[in-house]
Structure formats: C-alpha cells, structure tokens
Amino acid sequence: MNRTLDFQDLRKKAIQALDNRVRIITAGLGLNELRAVMRGDAPTEKPNPRYKVHTTSFLFHIRPRYYEKGSTIFAHTFRLGFFTSFFFFVELLTGLILMIYYTPSPAEAYDSILNLMSNVPFGKMLRDIHRLGAEGMVIFTVLHMLRTFLTGSYKKERSFTWLTGVVLLGVTLLLSFSGYLLPWDQLAYWAVTIGTSMAEAAPLFGNEANLLLRGAPDIGAGGLLRFYLLHVVLLPLAAILVISIHYYKVSREHGISLPASMEEGDVPAEVKKNARQRIDFIPDLFTHEVFLVSLGLFAMVAGVTLLGYSAPLETIANPQVTPLDTKAPWYFWWLQGMLKLGDKSLMGIILPTILVLLLVGVPYIDRNPYRSLYKRPFAVGIGILSVLVLVVLSYMGLPQYGIQTPAATRIIQDLVPEEGVGPLRGVPYEQLSAGIYEVGESVPRDLCPSLDFGCPDLTAVFREFSERVNFAATQEDLQPFERLPDAQAVMVIEDWQTDLKKITLRINWNDVITGDAKSYEKHIFLHRERVHE
Amino acid sequence: MNRIQIEISLGVIFILLTGGIILWYGINEEDRMAEFTRGQAASAIEVGAALYETNCKDCHGPQGEGVPGLCPPLNDKYFFTERVDEVGWSGTIEDYIVATVSSGRLTSTRPDRYAGQGRPAMPPWAESYGGPLREDQIRNIAAFIMNWQATAPDRSQEPVMAGPPVGTDITVELPEGNPALGEGLATTKGCAGCHISQAIGPGWAASGSVPGVGARAETRYSAADYTGQATSAQQYLLESIVNPNAYVVEGYAANLMPQNYGETLTAQEAADLIAYMLSLK
C-alpha cells in the first residue's frame, strides 16, 4: 500500500522550519510578524514580540523601545543628529576601502591618490563620497548643536550630554582636518601648515606642541604619518567612544527632549498626554530610519554624480612654493579671520580656548529654567549674534579680505590661478591661436579672425585682462597698491610643442611712489588633453 | 497608505535610483579612468615644460635645440632613435632621461662636441643625488622632453662652418666686427647660458659697481696679476674665448668653459662676438 504524500502537512512543516530560522535571525520576529511590521499592522502575538527584540539583539538593545511622540516631530529635530551619525558610518565604510589604496608617505601619497582616480573602478566616486560625507558631518554637527541650543535641550539633566556633544564637535573638526593633509597636494599641505602654525602661538609650550604635531619643524614624512594615524586610528576610536556615551545618554537616560510648547507653561492636559504617547521603535521608527538612510545614500550618490560634487585635488605638495591665496578649510575661516585682527597668541589660542570653555559652560551659565524661545530672549539673542559673528569672521578670513596684493599680481592670478582652472585655462585649446596680443584702448571684437569660428572665449578673457589693466592704469583715486600708472600689458601665445602652448601674461608699469619701471609676468603651459575639472 | 507604507515605497524607489545611478556610473568608469590617465599625462607635460624652462633651458636651449660646444640637443631624431644604443643603455629612452637628469654627468660622453660645464659636465638634479628636484618633477621633465619625439628634426649633418676656424693664435688679424651680429651669436654659440642668464662664468653685463665685460677687458690685460699674453682688450677677449685657461678670473675654476671655441668659431664670428662684448661697458 503506497502512502500518499501529505502536501498540506509538508507545507506546514516547511513553513514552520522557515519561521524558526527567521526567528533566530530576527531575534524573535516570525514570518507573520515581519509581514505585519512591513504593512504597519498591529503585533500578531502576545506578548508583543517587537519588544523582545530589544532584549535579545545587541543592535536593538542599544536602541530605545519607543520615543515619545512629541520628540519625533520633524520640525523639532530635523533628524540632524541622525544624519550626523549616518555620515559617520559612511565615513567609516568608505574610509576603510580608501585605506587599501593609500600609502602615508610623502613620496607615495599623491601618487596613490592619482592611482585611485585613474586605475581603481569607482575609486573617484569613493573619494568624492568620503569628502562629501566629511563636509556633511561637519555641517550637520554644527546644525545639530545649533538646534539643541535653540530648543534649550541642553538644560538640567541633559547638561552632560551637551558636554559630550561639544567634545564630539571638536573630534569631528579634528577628524575632518586631519584627513585634509592625506592627499599631500598643495591645498592640503598649506592648509595644514597654517593650521599647525597656530599651535605654535600657544604660550609656554607652543614650539613643543607644533613639533609634536608636525614631527619636525616643517611638515614632512613624520607629520604625514602622525596625521594619518590620528585620522584612521585615534580620532575614530575617540569618536566611537564619545558617540556611544552621547547616544547612551539620549537613548537610555533622558530621551530626546519634547518641544517646549508641549511641555512648558499652560499646556492642556490632553496635548501633554498626546506628546508623551509612545511610538514603538519597531516598526515606526525603524522604517523611518531605513527610509532616511536610503534618502541619505541617494542624496550622496546623486551629489557626486548628477550634481558633480568632486573632492578637490591640487598639484603635489611643494614646500618650496607658497601659493598666493592659502586658506584653511572653510570651518576654520573664522579662526583665520580672528588672526587678522590681532596678536597670534591672543587671537589664535587664548580667545578660542575661552570660546570653547564658554561653549562647554553653556548649561551651567544659563540658569534660566525655561526652554521656550520666547522665555529666554537673552540666550537666543546671544546664539544668533554668535552665528552672525562667525559668518563675518569667516568672511574676514578669506584671502580676498584685508590682504594687499599688488594689482598686477592680483589681475594675473585671477586670470590664471596657481591652482584650479581659472578663466584662461578654461578656454578651449582650439581657440588658443598663437600671437602677440597687446592691451590697448579698445578690444577687437574677435582676437583671431583667421580661425573659422573665431575665439570668443579667448577674446572674453583678453577683454577682462584689458579692462582690469586699463582700470588700474587710469583710476587715480585707488590705493597705491591697486594702481598701475602707464601700464603696458601683453598676452603672448606660442606654439611650444606637439599639443602644447605657452602663454605669457606680462604687465609693465611705473611704480606709483618711486616712479621706477616695474614688471610682472607669468608663464603657463597648456596641453590639449588637460582635464577641466 | 499609512506612513510606514509610504516610507517603505519611497525608500525602495531611492534604493533603486541609487543602484541605477551606480550602474550607469560603473558603465562609464573605463572611459573616465582612461580620460583621467590622459589628462594626467597632459598635466605632467605642462608641469615638465615649466620646470624645463626654469632649470634646463639655459644649457639645452629653450626649445631643446641644445647649445653647440656646450650641451647636446634633446629634440632631434638622433636623440630619440640612436642615443640609447650609443651609450649602451638597456632601458627605454624615457628611463634614460630620468636617470641622466637625476644623477647628472660627471664627464661628458662626447667631450669634443658637448663639453658641458666642465666637471661635472651636468649637475645632478634629483634630491637623492644632492640636486633640487623631487623624483616626480624629474619624471615630468622627462614627459615634456618625450613630447618632442613626434616632431624631432633630423640633424645628422654637422653644421657647415662659414669659413676657416679662427684658431688659438691671439695675435691674428681679425676682420671688422658687428656687435649686433655678436649679440645673436652669444645665444646661439652658448655664451649666454653661463655669462648672461646665469652667473656660472663671469657675468658680461654691468651689475652694481662692477662694470661690464667691455670695460673690464680694457684694464685687465695690463693688471699685475694677469697671466696671459694679450696686449690689447681685443686680444684679451679672443684669448679668453679660444684659450680660456690662459687667465682665469678670480673666483672661478679653470676648465669650466669649453676649450674648443678656436675650432668652432670663424674669424668673422669671433670678431662679431668681441665687438659685442666690447660694447658692454
């Protein structure tokens, strides 16, 4: 007698086995439960299996079971802290892969970046994402801090969390800054030279601090290795530790603050109750976070591809050549601005230290118990004022502000900057028609009538050159360094080699004060296949 | 749809879009990498051209045409096709350029034709050999020199001299000199490299309190420490050109200057040069 196969029974057993396997992987959620989670349905079993995950799984154990409804309002947090940690994880992952291709030595570092760009599939994308993530992390850290300040969330039981936040701000800036040096290009080398020279201004131990950072009087092999180890070992470890403490305080101790409008003063009982309503981590917050991650990844990938964000790479570091316009990374422009205002020790070390101490002391200085914007006009006023001051100082930190570059140097530097493309290098190679073009009263409509389609871009650059020279030559009410009396200027384009042109820009003038004949010129070489970034 | 479903749907769309972008990016990766490599080669040539201009052109000529008697041309067919075999170099011509620029030359391999600056004939340029340039800069210079290969002219014929050489007898009667022609000869015959652009030999032009070479020649042959045979400014200058070791100006080493100008200059050329030098007071 043949036993008939009981398919119903087999199916049941198979589903049972699968269900068990899934429960092991998901730390307690069965198939039906997963389905309900995805659909946003109520739990299918009792007790609620979604809570069990938080005890059985480590990764969910460190997340809270629920948030209070009021604290999940988008316009209250803007998910700034979430995205800061999102960027941190992006940096960890991309950074690990980038480390495979990188050698921290002055002889190899720049070449390893070129190799990454020319020889590693997705190498450029990884580098761009890593750089974009670094900028994002700095921006979101600052915004997160500003939000916390404006909603008064640093008060009372959250004051220690604020302190860890200030430490994290410092760690984030240092992480970004230490990564700045690693490509070993001119941008990196000089930005870090400026940055570390501030350590020199420290009273008593300035010289030692500088030596400790740079490994030698000037940045070289020792300095690069130190910054590399800071960037890939010490600072990430510090960040992981402090982020853990910071997050533990938020998730386990005091939670995210409720908006002051739902908590303080005469708030109807039902609003208060509604604000404290629990929103479970699974499924609501978890899906929300997965959604934010997919949004973040999309934004970053679109940023480095469709929007064309690209990590800068200048020419290889050259300690012998100081670029005309050196500047610190943008988040330190305010410091550069302060340095222009006074003594290096006072402005570069003592005042910034006082600022950091004030930032740390915010919860202890501000004894006002209220969190609502309207009930602490003084604190909010100081906050807004500080932001404005930082913006103004940052503007003053730009190389264009307060530095007197002689007119001839400035004009030629603006047309052919030492680094990057600039107007003249941006002219298509075909338009660079050899010739001697003298600056006169008027600019011809087209510089090279012999070319089939003329040279509109070259003519535009030459027009700018002419106008600026003529302006500096004729305006007598400018400051002496901005004037070029009796200026004669010329642009020479020569065929130099196969696919290579030499361009000379020269300005001759008489010195305003002494009347001596002066001259400034610059030669550049342009190859047909140069890459326009 | 509730919020969770909307977020799941949107999230899926974002992930798909991201995947699509990465796929599209990946398809173009080969081309992008090839373009970057080409661009890198182009910028190596640009950087090399600028380095050549500041470091090499005084001896090897602005366009690599070389200076007769001093430094060999780097832009002719012979250099790219036969030089490697002649010196028995086993690598490529580009490696040969890098090696030569890095370590320089203690003595010239063709002292009769290109004596160089004496000893060393060519100074070392790499930092590791005591020179001023980094390894990557030397590779850029080599890339620039290699870019002459496509247009390298054939100069296998020796340049024909316009007349008999002037010889080393300084009492010879020279024809009337033309200072304007002499100025041109100063660059084509290689004088400018050491006496005008750089101060490897005594500078010709007047600078500060030191007068020009013309004024110095007027008094030099009658000075007490003078060791040569000249009895006039003209003879002194001719002696310095064709027999440079007869008297070496204080502060400069003997043998720095090529010894063979007596064989490569015609009497007319020597007269033009001397006329030009005498005009520099």
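**Exercise 1.** How many bridges join E3(A) to strand E4 of chain A, and which way do the two strands run?

*Solution.* A note before we start: this is a predicted model. Begin with the pair itself: E3(A) and strand E4, residues 488–497 of chain A, run antiparallel and are joined by four bridges. For a landmark, look at A:Gly435, which stands opposite A:Ile493 in E4(A).

Now widen the view. E3 and E4 belong to an open sheet of four strands in chain A, ordered E3-E4-E5-E6, with antiparallel pairing. Strands E3 (435–438) and E6 (517–527) are the edges, each pairing on one side only. From one strand to the next, the twist averages 15°.

**Exercise 2.** Find which strands of chain A are touched by helix H2 of chain B.

*Solution.* Trace residues 29–55 of chain B: this helix packs on the sheet and touches E4, E5 (500–510) and E6 of chain A. Then compare directions: that of the helix makes about 145° with that of E6(A).

**Exercise 3.** Locate the cis peptide bonds at A:Pro47 and A:Pro283.

*Solution.* The bond joining A:Lys46 and A:Pro47 has an omega of about -5°, and A:Pro47 lies in the loop between helices H2 and H3 of chain A. From A:Ile282 to A:Pro283, omega is near 5°; A:Pro283 lies in helix H14 of chain A.

**Exercise 4.** Is A:Arg79 buried or exposed?

*Solution.* Its relative accessible area is 13%. Buried means under 20%, so A:Arg79 is buried. A:Arg79 sits in the loop between H5 and H6 of chain A, and its phi is positive, near 55°.

Conventions. Residues are numbered from 1 along each chain as its sequence is written. Chains are lettered from A and ligands numbered from 1 in the order in which they are written. This is a predicted model: local features need pLDDT of at least 70, side-chain atom pairs count only at pLDDT 80 or more; totals for chains, interfaces and linings use all residues. Side-chain values use heavy atoms; hydrogens and water are left out. Two strands pair if DSSP finds at least two bridges between them. Axes are lines fitted to C-alpha atoms, for helices over the stretch in contact, and angles run from 0 to 180 degrees between N-to-C directions. Contact means heavy atoms within 4.5 Å. Buried means under 20% relative accessible area, exposed over 50%, partly exposed in between (1.4 Å probe, protein chains only).
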